[in-house]
Amino acid sequence: RTELSLKEIMSSGGAEDDIPQAERKTVTDFCYLLDKSKQLFNGLRDLPQYGQKQWQSYFGRTFDVYTKLWKFQQQHRQVLDNRYGLKRWQIGEIASKIGQLYYHYYLRTSETSYLNEAFSFYSAIRQRSYYSQVNKEDRPELVVKKLRYYARFIVVCLLLNKMDVVKDLVKELSDEIEDYTHRFNTEDQVEWNLVLQEVAAFIEADPVMVLNDDNTIVITSNRLSETGAPLLEQGMIVGQLALADALIIGNCNNQVKFSELTIDMFRMLQALEREPMNLASQMNKPGMQESTEKPARRENPHKYLLYKPTFSQLYTFLAASFKELPANSVLLIYLSATGVFPSGRSDSEVSFSHVKVPMILGGVLTNSNRDIINGDAIHKRNQSYKEMHCLHPGDLYPFTRKPLFIIVDSSNSVAYKNFTNLFGQPLVCLLSPTAYPKALQDQSQRGSLFTLFLNNPLMAFLFVSGLSSMRRGLWEKCQDYLRKINRDIAQLLTHSRSIDQSFLQFFGDEFLRLLLTRFIFCSATMRMHKIFRETRNYPESYPQLPRDETVENPHLQKHILELASILDVRNVFLENTLDDY
């Protein structure tokens, strides 16, 4: 194939015999590298998405070939221009593939530094206008390549919180889509317009804006920073477990999403990552580590992002994660999904070991019913308790043989309230409220309030207090005070005499410590708020927390009232909460 294309290329540039041997070899080598890179890149999609070992050497080989290809076209640009007819969009395509490689390496490793590398390649394509000439060619498939590049670049910028760049890219993409649909009468224009709508909604999902003095929006990051998690004080007795793996599962009806990432998944993803560092200063080329070297301690827990997984997909990923979990490590399962409720009373039980598990509780739906008639999805509501993709608490029992940390954000989170710890390993379930007060403006489309508390507790506190914007100075003052609250919550937990040991076992890990302190802050805030008055409005946990020592502790309640005073919203909270119970 390469020889045939070479003859065509060479003959178009003049008589084949006139071409010097060295230049002919340059074109041959370039064509070989280009073919090899495409083969390896296409092979990536055949690799299993789960499991952490099989793919590394393949990624390493692919990176190697693309590195050679990129350097080769830089060193021999003039020859390739003259003899091969290399176009700028083709260089852009190589750079785009390298950006994709770095992005997929981030997905595989959860190392945010690789996002910076993807950004630098995508950014170079835009700065050097590699795709600028595509619109002059009468080839719609080339324009689609350009549009896909924009969509991928936007995803990377969203993950890096580069919202200013996102807004510029959306404007450019909008213009490109308009030009594309005007020039070519294609069938995919509706899909591309939907992409624009999705990303616009994603950008506007945060319910509160932080503003500079000139009214420009401050971009806040919610990844774990140096000062993020409360430090462990000397003498605090906590476990040595480390969060190693996380499954982030999303299936909420009508929730804002972009590129198979719902806003809830996006927020939880960021809550389980550290701020990115400069890759060049701390890491070698991906996949190139010698097998004799011990791998460096991973900075972030490894994550699987599962958007609307079927039950079998979910179980496959769970099993792979469970199998590869290192010693003294924790598996986290985050479920953001629609609740499945049994329609009629049923006394059916499933026996697991010596324990009978009632199925009447239902569970959460990880994949919407796909039966479609005349374009409409048909939900068999009268048989919902038999829904195949409903994840019941009992489905997770086999995985409690190792330390397990579960977060359920669902209208049926209470199904997990009566979880049974069969194997005596550390186990905690954090459960969202099953309903929110009607008086609270419905924000479900823009993400769950419970997950927002776990991701950005100050923003969630402002929202329930009725605030929609805030000056940067006041925001930073409140963040400082919130750090103090988190430190005190950490003390309440570790000094408690009646707390279940599972909480303390998980408290040694920074990510889990932050999630636990934010959960208690969320619970205490909702219990003190005047419009959160029903039991179903409050988060719960398994095992139960000692209320008087944690979520209803007078010292913590005083802190929340003080934070409300700083924000001048004390009137929305109860002053003497303990008297009201």
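Tutor: Here are some labels, each set against its rule; note that the model is predicted.

Student: Why is Thr494 called buried?

Tutor: Its relative accessibility is 15%. Buried means under 20%. Therefore Thr494 counts as buried.

Student: Where does Thr494 lie?

Tutor: Thr494 lies in helix H15, residues 472-495.

Student: What makes the pair Thr494 and Ala490 a polar contact?

Tutor: A polar atom of the Thr494 side chain lies 2.9 Å from the backbone oxygen of Ala490. The cut-off is within 3.5 Å, for N or O atoms, with one able to donate a hydrogen and the other to accept it.

Student: How many cavities of 30 Å³ or more are there?

Tutor: The count is 1. The largest cavity holds about 130 Å³ of space.

Student: Which elements supply at least two residues of its lining?

Tutor: Helix H17 (510-528) and strand E14 (540-542) each do. H17 gives the largest share, 3 residues. Lining residues have an atom within 4 Å of a cavity point; among them are Phe519, Arg527 and Glu540.

Student: How does the lining of the largest cavity divide by residue type?

Tutor: Into 4 nonpolar, 3 polar and 3 charged residues.

Student: What makes a set of residues a nonpolar core?

Tutor: The members are buried nonpolar residues joined through side-chain atoms within 4.5 Å. The largest such core has 150 residues, and Leu332, Phe405 and Ile407 touch the most other members. Helix H7 (residues 140-159) gives this core its largest share, 14 residues. Domain 1 (20-206) and domain 2 (262-277 + 299-341 + 358-368 + 387-572) each contribute at least three residues to this core.

Notes: Residues are numbered from 1 along each chain as its sequence is written. This is a predicted model: local features need pLDDT of at least 70, side-chain atom pairs count only at pLDDT 80 or more; totals for chains, interfaces and linings use all residues. Side-chain values use heavy atoms; hydrogens and water are left out. Helices (H or I, at least four residues) and strands (E, at least two) are DSSP runs, numbered from the N terminus. Buried means under 20% relative accessible area, exposed over 50%, partly exposed in between (1.4 Å probe, protein chains only). On a 1 Å grid over the protein atoms alone, a cavity is a set of points where a 1.4 Å probe fits but cannot get out, and a pocket is an open set with protein on both sides within 12 Å along at least five of seven lines; lining residues have an atom within 4 Å of a point. Grid points are joined across faces, edges and corners, and a volume is the space filled by probe spheres set on the points. Ala, Val, Leu, Ile, Met, Phe, Trp, Tyr, Cys and Pro count as nonpolar, Asp, Glu, Lys and Arg as charged, and the others, Gly among them, as polar. Domain bounds come from an automatic or database domain assignment.
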